[in-house]
Amino acid sequence: MNLPNPDKKFVLTTPLYYVNDIPHIGSAYTTMVTDVLARWQRLQGVSVLMITGTDEHGQKIERSASSKGVNPQEHCDQIVSSFQKLWELLNIQYDRFSRTTSPGHHAIVNEFFQRVYDSGDIYLDRQQGWYCVACEEFKEERELLTHGYCSIHSNLKAEWRDEENYFFRLSKYQTQLEEFYSSHPDFICPESRRNEVLSFVKGGLQDFSISRVNVQWGFPVPADPKHTIYVWFDALLGYVTALLEPDQEPTLENALSHWWPINIHIIGKDILRFHAIYWPAMLMSAGLSLPRKIFGHGFLTKDGRKMGKSSGNTLDPFALIDRYGADAVRYYFVKEIDFGQDGDFNETRFVNTLNADLANDLGNLLNRTLGMIKKYCQGQAPRLTGQEIPDHNRLKQIGKNLGEKVTHQYSELHFNVACEEILGLIRSSNKFIDESAPWSLFKQGQQSEVEQILYAVLESVRLSAYLLSPLIPQISNKIYQQLGIPLDFNDQTAVNQKLPFHQHSQWGGYQFVQELGQADPIFIRLELPINDS
Ligand code: MSP
């Protein structure tokens, strides 16, 4: 699965999160992964637009606001700021924050609705069925648990609805969608999700309702303001609104003029149907091209159990960052979970992984190498390049193809495999020092061998820091500083202009300036929480 990118532009999105409550770890997970991919693309010199934002309309939000006794807009504003705060704490570099209550979005939704109406795809009919307000979705009776509870929100009962709604003619797009899926086998990823969608579509698509009469909190249907537009019809268009420049007039033409189509929508598996079936059909109806890829990731569990407020085992992302720092949290979730599969959070495993990979393997490697350079090279980096290191040098051999291998894994969204490849070089570097014992060579007066060894290790640390920088930008910054390379991985302009990918992603491509920075631990060992140890 190569991420299609013909024109060095890359647009990627997280879902637009519901603002019924402050962000939870599930929203943080999708956003971290999306940020890692965005940073990886920027590292390669690609012009990136990362979109995130909030989905603010509908009955779920209306009810959350009323239970707090505040008006819905005020409620949304409060919760939105907690999302923005969390993204700042997690060091997320988003380019656009799309809010579905923004005036520009209203104009886009109206224009789009009109287009779909003009295609003859909207009609009035009677809607009867079971509705889960938390999912904002009608459910088939067979999808519900006993006594009518929702299978996703198992503490909530679906509610009976019988009302007049506007419908979208999804059934009309059955064949067109099936043809599209078969001519674009990479459109839905991973494979298991694609199969899920294909079998659902094969079962026959039914039209779905796109308006509500009992919900005030939404945009009115243009020609019939008794109805408000269904929250999902409105929310998916938030991706389009996000493409507008801040001062641009909100028209579809403007929104679609530069960044469309979106390269990848990263979402959780529970909202796959909306993105992989409804959304493409809506776009077909409006005569627009389709996004290039939908990736549906798995769900997070805690200590092997489904996370949920009712089970009292939620994980607060704010508390986690406060305790362990942003890089640690980013690293754990991106490296320890096979992206696409469900993944578990367990605090003992969290602490052990970070201590093993970042404090021991990577941190000690840098520390001991800088220590030896101080002792054996008067604190000056060996004046060598990769070309002067013999081809049989083990680190040169591993490092030689690492940039390509890791690039491939990132572009396949195999983040865990990319990390393992990089850790392979880090672990081999520690072993290489132990086995080549530069301290003995130094005693024997073999200065040039010592310098070759230390250059090879230093360059391996640098390359590892570079390739891991999308996950752990702060730690990579510390490493680059200590290696005497004054570059900031959080500075997008510098990343684009001063860190040429072809040079920094290659082993041996860097010649160190002699003055190294001050040695300082890059990651302090974490302690296990008392009740977990
Ligand atoms: N508002 C819609 C999305 C509209 S996009 C145009 C929505 N919002 S949500 O806030 O409920 O969910 C956002 C994302 O969080 C979804 O991708 C969902 O899969 C994800 N997660 C919610 N709980 C999760 C876990 N426990 N684990 C991982 N992700 C989960 O749906």
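Biologist: What makes up the lining of the largest cavity, by class?

Modeller: Four nonpolar, four polar and three charged residues. Ala, Val, Leu, Ile, Met, Phe, Trp, Tyr, Cys and Pro count as nonpolar, Asp, Glu, Lys and Arg as charged, and the others, Gly among them, as polar. This is a predicted model, in which local features need pLDDT of at least 70 and side-chain atom pairs count only at pLDDT 80 or more, while totals for chains, interfaces and linings use all residues. Residues are numbered from 1 along each chain as its sequence is written, and side-chain values use heavy atoms, with hydrogens and water left out.

Biologist: Why is it called a cavity, and which residues line it?

Modeller: On a 1 Å grid over the protein atoms alone, a cavity is a set of points where a 1.4 Å probe fits but cannot get out; a pocket is an open set with protein on both sides within 12 Å along at least five of seven lines. Lining residues have an atom within 4 Å of a point; here they include R39, R42, L43, S469, F489 and D491. The volume is about 80 Å³, and helix α1 (25-43) gives the largest share of the lining, three residues.

Biologist: What is the volume of the second largest cavity, and which residues are closest to its centre?

Modeller: About 60 Å³. Of its 14 lining residues, G58, Q59, E136, R212 and V215 are the closest to the centre.

Biologist: What makes Q59 a buried residue?

Modeller: Buried means under 20% relative accessible area with a 1.4 Å probe and protein chains only. Q59 is therefore under that limit, as it is listed as buried in helix α2 (residues 59-68), together with K60, I61, E62, S64 and A65. The cover over the buried residues of α2 includes β1 (9-18), β2 (47-55), α3 (72-89), β4 (122-132) and β6 (159-168). Just after α2, G69 has a positive phi of about 75°.

Biologist: How do you know that β4 and β6 pair, and in which sense?

Modeller: Strands (E, at least two residues) and helices (H or I, at least four) are DSSP runs, and two strands pair if DSSP finds at least two bridges between them. β4 and β6 have ten, in the antiparallel sense, with R126 bridged to E164 in β6. β4 and β5 are antiparallel too, over three bridges, including C132 with E137. E136, in the turn of the β4-β5 hairpin, has a positive phi of about 55°.

Biologist: Which element gives the largest share of the lining of the second largest pocket?

Modeller: β4, with four residues. The pocket holds about 660 Å³ of space, and F138, K139, E140, Q206 and Y278 are the closest to its centre, out of 27 lining residues. K139 in β5 also stands opposite W130.

Terms used:
Buried < 20%, exposed > 50% of the residue type's maximum accessible area, 1.4 Å probe, protein only. Contact = heavy atoms within 4.5 Å. Points joined across faces, edges and corners; volume = space filled by probe spheres on them.
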